[in-house]
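Open the model in a viewer and keep the sequence panel beside it. The stops below go from the whole chain to single residues.

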Amino acid sequence: MSDLISVRYNSVARALHWSLAFLIVMEYLIGLTMGDFGIKWLHLQLGYAILILVVVRIIWRITHKAPAMDSSLSRMNQILAHSGHGILYLLMLAIPALGLTLVITKGVPFNIFGIPISPLMEPMAKASRHDIKVVHVYLAHTIIIMAAMHALVALLHQFVLGHPILSRMLPEKLANIIEHKDGKK
Ligand code: HEM
């Protein structure tokens with residue numbers, strides 16, 4: 001095993017990272033087009049799944065130590081990376097939580113994965129629900145922009161600056177392959 005392997009995220013953290021990254025991008029695209037295709041139900045059900053996965057991911061993160069930041073990063077870059085990750089966690093939690101709030105405040109029956117749920121409250125005023133929706137959509141645009149920047153930074157570090165950052169979030173075999181291509185190993 002190389003030094004690199006010992007500082008990689010473990011398999012559960014990686015599985016949660018990549019499945020959530022994929023589902024969040026899908027959920028965003030579905031959210032933008034659901035009106036045209038009549039797939040609001042899919043946006044809601046996928047949203048519940050994302051919310052559960054995010055809660056699992058946060059619990060996993062709190063209860064398991066993440067690998068130390070790459071020592072080739074400057075102190076400033078390490079602070080920026082920590083802050084960016086923190087904001088991504090907040091957005092990942094806030095967006096589906098606001099979506100669930102929109103469903104609950106409608107004050108009508110709904111279902112989660114087919115399990116019927118009676119209205120949990122009287123319908124909230126339309127104007128207030130509209131405000132919640134605006135924030136939900138605004139934060140959704142924000143997480144996509146932030147995730148794109150986050151991905152670009154990871155790719156830049158790995159393939160341009162020669163810092164093994166992307167390989168930290170990859171399975172061993174794939175990490176080894178890109179390390180070879182990178183000419184670092
Ligand atoms: C919606 C999409 C994404 C979200 C919400 C997201 C979120 C996150 C978060 C919160 C972390 C911090 C993990 C921790 O330390 O607990 C992280 C780490 C990481 N992500 Fe993503 N990510 C996304 C997509 C991507 C993509 C597309 C790439 C690569 C092309 C990527 C590469 C990485 C890498 C390399 C790390 C580890 C960074 C390090 O060790 O310092 N992510 N991601």
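**Whole chain**

Of the contacts in the protein chain with a separation of 6 or more, 63% are between residues 24 or more positions apart; two residues are in contact if their C-beta atoms, placed from the backbone, lie within 7 Å. This is a predicted model, in which local features need pLDDT of at least 70, side-chain atom pairs count only at pLDDT 80 or more, and totals for chains, interfaces and linings use all residues. Residues are numbered from 1 along each chain as its sequence is written.

Show the cartoon. The protein chain has six helices and two strands, in the order α-α-α-α-β-β-α-α from the N terminus. These are DSSP runs numbered from the N terminus (helices: H or I, at least four residues; strands: E, at least two). The C-alpha trace spans about 60 × 30 × 30 Å along its principal axes.

Now colour by pLDDT, the predictor's confidence in each residue, from 0 to 100. The chain average is 93, and 94% of the residues score at least 70. Select residues 1–6: pLDDT stays under 50 there, and the model has seven contacts beyond four places in sequence for them. Where pLDDT is low, the predicted coordinates should not be read in detail.

**Helix H4**

Select helix H4 (75–105). H4 has 31 residues and reaches 44 Å from its first C-alpha to its last, close to the 45 Å expected at 1.5 Å a residue (1.5 Å times one less than the number of residues). Its buried residues are Met92, Ile95, Pro96 and Gly99; buried means that 20 or more other C-beta atoms lie within 10 Å of the residue's own, with C-beta atoms placed from the backbone. H2, H3 and H5 are among the elements that cover them. After H4 comes Gly107, with a positive phi near 75°.

**Nonpolar core**

Which residues make up the largest nonpolar core? Select Leu20, Ile24, Ile50, Val54, Met92, Ile95, Ala140 and Ile143, eight residues in all. Such a core is a set of buried Ala, Val, Leu, Ile, Met, Phe, Trp, Tyr and Cys residues joined through C-beta atoms within 7 Å. H2, helix H3 (40–63), H4 and H5 each supply at least two of its residues. Centre on Ile95: not counting residues up to four places away in sequence, Ile95 touches His136, Leu139, Ala140 and Ile143.

**Ligand shell**

Finally, select the ligand. It is surrounded by 21 residues, the closest being Ala21, His85, Ala147, Ala151 and Met169; a residue counts as near if its C-beta atom, placed from the backbone, lies within 6 Å. Helix H2 (11–37), H4 and helix H5 (126–161) each give two or more residues to this shell.

Terms used. A residue is buried if 20 or more other C-beta atoms lie within 10 Å of its own, exposed if 12 or fewer, and partly exposed in between; C-beta atoms are placed from the backbone.
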